[in-house]
Amino acid sequence: MSHRAMRVAESIKNEVGLMLLHRLKDTRIPSERVSVIKVDVSGDLRHATIYVSVLGDDEQKQQALQGLRSAAGYVRSSLGKVLQLRSTPEVHFKLDHSLEEAANIYALLNRISQEQKESAAGDEPAG
């Protein structure tokens, strides 16, 4: 990704984060449960893929994603006012599962550590 595309992606990430907190009023998009994780912008700056993490069950995640996709026109319009580009990128929302995967890995590591401690305690001679 070019330096310019990275700057545009960072601007989009910040602006969409603010929109989630203050301007998007769709009840399917609970701002306290939706986070913008990263933004990928195409080299020609015509498309922006916005990866979001949604806390909740699968149904809540799908509802939030539907809400975001229905708000894509508003998001793009708002970005056009802020970004000052020749043409505003089309926005595409996708779920990001990296936070869930990290939490699962963390839980597995904790379980392994606990099992090792229990095993070591059982191997000590009584004395």
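How many helices and strands are there in the protein? The predicted model, with residues numbered from 1 along each chain as its sequence is written, relies on pLDDT of at least 70 for local features and 80 or more for side-chain atom pairs, while totals for chains, interfaces and linings use all residues. Side-chain values use heavy atoms, leaving out hydrogens and water.

There are four helices and three strands, taken as DSSP runs (helices H or I, at least four residues; strands E, at least two) and numbered from the N terminus. Their order from the N terminus is α-β-β-α-α-β-α. The radius of gyration, taken over C-alpha atoms, is 21 Å, well over the 14 Å of the globule rule for 127 residues (2.2 Å times the number of residues to the power 0.38), so the protein is more spread out than a compact globule.

Contacts of Phe-93 (heavy atoms within 4.5 Å), leaving aside neighbours within four places in sequence, include Val-16, Leu-65 and Ala-72.

Helix α1 (residues 3–22) also holds Glu-15. At 10% relative accessibility, Glu-15 counts as buried (under 20% relative accessible area, with a 1.4 Å probe and protein chains only). The Glu-15 side chain makes a polar contact with the side chain of Arg-23 at 2.6 Å, where such a contact is a pair of N or O atoms within 3.5 Å, one able to donate a hydrogen and the other to accept it, and residues adjacent in sequence count only if both atoms are side-chain atoms.

Notes
Buried means under 20% relative accessible area, exposed over 50%, partly exposed in between (1.4 Å probe, protein chains only).
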